[in-house]
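What follows is a walk through one protein chain, from its outline down to single side chains. Keep the structure in view while reading.

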Amino acid sequence: MKPDIMPLSELEKLEEAEKIQTLQQYRAAYTIKDLSQAWQLSNPIQYYMWLKKQRIYEHIVRKADKFEPAKEWRRLQETETRDYERGRMKSLSADQFRYQLDTESSGVELAHVFRRLADFLQNDPGQFRCKIELKAIAQPFTGEASLEA
């Protein structure tokens, strides 16, 4: 059974040894994301910052998990993106892929690309997530059109 997570303000009042023991129990039962949410931290990076402020970072964080701000931020962003895009799938099979198109093309060229994608999708029984954004590009005013009614 998982221990109840005490409010961060109460945890801060504990003696260092007791604080370390409590956090070790929490880490055995919860993810850092769970703890961050329970303590209303905006992201897991703040958890590590809090540990450093309490001067217990070295006692809690395993050597392999040492906090590197740039690395942690990148991992956090990648995890959130993956979770969103894959519907929280645990692992990907070897035949899954990602196709991304970011181009400015004529309607004829894009129609050709979409037809090829449609042919591919029609013959693949898998599940897909699709996000399409199509914007018209403003054309410069040539003065050829008349405003007369």
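Accessible areas here come from the Shrake-Rupley method with a 1.4 Å probe. On that basis, the chain of this predicted model exposes about 12,800 Å², and carbon and sulfur atoms supply 51% of that area. The chain has 149 residues, of which 19% count as buried.

The secondary structure consists of seven helices and zero strands. Read from the N terminus, the order of elements is α-α-α-α-α-α-α. Among contacts between residues at least 6 apart in sequence, 48% join residues at least 24 apart.

Helix 2 covers residues 16-29, 14 residues in total, and reaches 20 Å from its first C-alpha to its last, close to the 20 Å expected at 1.5 Å a residue. Which residues of helix 2 are buried? They are K19, I20, T22, L23 and Y26. These residues cover an arc of only 165° around the axis, which puts them on the same side of helix 2. On the face of helix 2 turned away from the buried side are the exposed residues A17 and A28. The cover over the buried residues of helix 2 includes helix 1 (8-13), helix 3, helix 4 and helix 5.

A pair of aromatic rings is described by the distance of the centres and the angle of the planes. With centres required to lie within 6.5 Å, the count comes to six aromatic pairs. The rings of Y26 and W39 have centres 6.2 Å apart and planes at 55°, so this pair is tilted. The pair links distant parts of the chain, since Y26 is in helix 2 while W39 is in the loop between helix 3 and helix 4, 13 residues apart. Both Y26 and W39 are buried. W39 also pairs with Y47, and this pair is stacked, at 6.5 Å centre to centre with 15° between the planes. Y47, like W39, is buried. One aromatic cluster takes in Y26, Y30, W39, Y47, Y48, W50 and Y57. Y57 has a further neighbour: the charged end of K52 sits over the ring of Y57, 4.8 Å from the ring centre.

Next comes a residue of helix 4, which spans residues 44-53 and contains I45. Is I45 buried or exposed? I45 has 13% relative accessibility and therefore counts as buried, because buried means under 20%. I45 and I32 are 13 residues apart in sequence, and their C-alpha atoms are 9.2 Å apart in space.

The loops on either side of helix 4 hold the last two residues of this tour. Most residues other than glycine have a negative phi. Q40, in the loop between helix 3 (32-38) and helix 4, has a positive phi near 55°. At 73% relative accessibility, Q40 counts as exposed. R55 is found in the loop between helix 4 and helix 5 (57-60), and its phi is also positive, near 60°. R55 has 69% relative accessibility and counts as exposed.

Conventions
Residues numbered from 1 in each chain as written. Predicted model: local features only at pLDDT ≥ 70, side-chain atom pairs only at ≥ 80, totals over all residues. Heavy atoms only, no water. Helix = DSSP H or I, 4+ residues; strand = E, 2+ residues; numbered from the N terminus. Buried < 20%, exposed > 50% of the residue type's maximum accessible area, 1.4 Å probe, protein only. Expected span 1.5 Å × (residues − 1). Arc of directions from axis to C-beta. Contact = heavy atoms within 4.5 Å. Phe/Tyr/Trp six-rings, centres within 6.5 Å; stacked < 30°, edge-to-face > 60°. Lys NZ or Arg CZ within 6 Å of the ring centre and 35° of its normal.
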